[in-house]
Amino acid sequence: MNNNNVEKQLTVQKRINAALTIGLVSLAGYVGLAKPSVAEFEEISVERLNIVEKNGYNRMVLANSDKSPGAIKQGKEVFKHNSPRPGMIFYNDEGTENGGFVFRGEKVNDKVNHGLHMSFDRYNQDQTLMMQHIEMDDYMITGLTVMDRPNTSMDFDMTNRFIEAQKAGDTKTMNEIEKYLVDNKLLGARRAFYGTLNGDSRLQLNDADGKKRIQMVVTKDGEAKLEFLDANGKVIMRLPETAE
């Protein structure tokens with residue numbers, strides 16, 4: 001092969017290489033530009049869907065029973081519930097749970113166990129506003145509940161110790177923890193309820209210790225009454241006076 005032929009072949013090869021390079025660059029650019037930023041579906045089936053912020057924290061999680069999350073604080077699981085929480089769990093800007101909508105329901109051995117529960121939490125605390133419907137056996141409640149919660153953050157170490165004691169059947173530790181929580185008013189206090197309870201419609205207002213002080217009731221039989229109670233639960237005024 002003479003020098004002229006070699007030079008011609010090199011020139012052709014260079015052109016081929018250049019063409020391939022341009023083609024690959026163009027393809028890569030096309031793929032990059034064509035990558036969809038928004039996907040559209042007519043229907044999607046998943047066991048869990050995490051809505052996340054750019055910092056990686058969950059904003060909302062939709063999940064079935066098996067994939068439902070435990071309690072999350074600043075992006076880390078700090079407590080696992082005994083029973084699953086299928087539904088939606090909400091999180092604040094710090095990746096800490098601050099509410100949710102959980103729902104379950106079934107009939108087992110001819111007994112209904114059914115409940116829907118939507119709640120909003122105080123900052124780093126438990127539920128302060130709950131909207132729920134629960135029915136089981138001869139109990140049914142539908143209504144709105146308002147709770148007071150302490151100024152301190154929830155102590156998940158203590159909660160986990162209680163769960164471990166419960167699993168081990170350690171009633172002594174369970175009673176000690178429960179007494180500590182009650183004595184220090186760390187369990188919160190129910191301040192108000194509006195709804196129906198086993199067929200009676202009622203409005204209840206409680207004091208800061210959770211003790212009922214005023215209630216308006218219309219029973220399922222049509223009896224209407226208004227009661228004022230003292231801190232010991234004794235009725236001090238009733239309308240009509242003949243009501244019981």
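Two strands count as paired here if DSSP finds at least two bridges between them. With that in hand, welcome to a few close-ups of this predicted model.

**View 1. Strands β1 and β2 pair side by side in the antiparallel sense.** Five bridges link β1 to strand β2, which covers residues 58-63.

**View 2. An open sheet is built from 12 strands.** Follow the order β1-β2-β5-β6-β7-β8-β9-β10-β11-β12-β13-β14, with antiparallel pairing. At the edges stand β1 (48-52) and β14; each has a single partner strand, so one side of each lacks a neighbour in the sheet. From one strand to the next, the twist averages 15 degrees. As a reminder, the strands of a sheet pair through backbone hydrogen bonds.

**View 3. D110 has a positive phi in a loop.** The loop joins β6 (97-108) and β7 (111-121), and phi of D110 is near 70 degrees. D110 counts as exposed because its relative accessibility, 67%, is over the 50% cut-off.

**View 4. K185 also shows a positive phi, near 50 degrees.** K185 sits in the loop between α3 (171-183) and β10 (189-197). With a relative accessible area of 58%, K185 is exposed. For context, most residues other than glycine have a negative phi.

**View 5. A cis peptide bond runs from L239 to P240.** Its omega is near -15 degrees. P240 belongs to the segment after β14 (235-239). Most peptide bonds, by contrast, are trans.

Methods: Residues are numbered from 1 along each chain as its sequence is written. This is a predicted model: local features need pLDDT of at least 70, side-chain atom pairs count only at pLDDT 80 or more; totals for chains, interfaces and linings use all residues. Side-chain values use heavy atoms; hydrogens and water are left out. Helices (H or I, at least four residues) and strands (E, at least two) are DSSP runs, numbered from the N terminus. Buried means under 20% relative accessible area, exposed over 50%, partly exposed in between (1.4 Å probe, protein chains only). Axes are lines fitted to C-alpha atoms, for helices over the stretch in contact, and angles run from 0 to 180 degrees between N-to-C directions.
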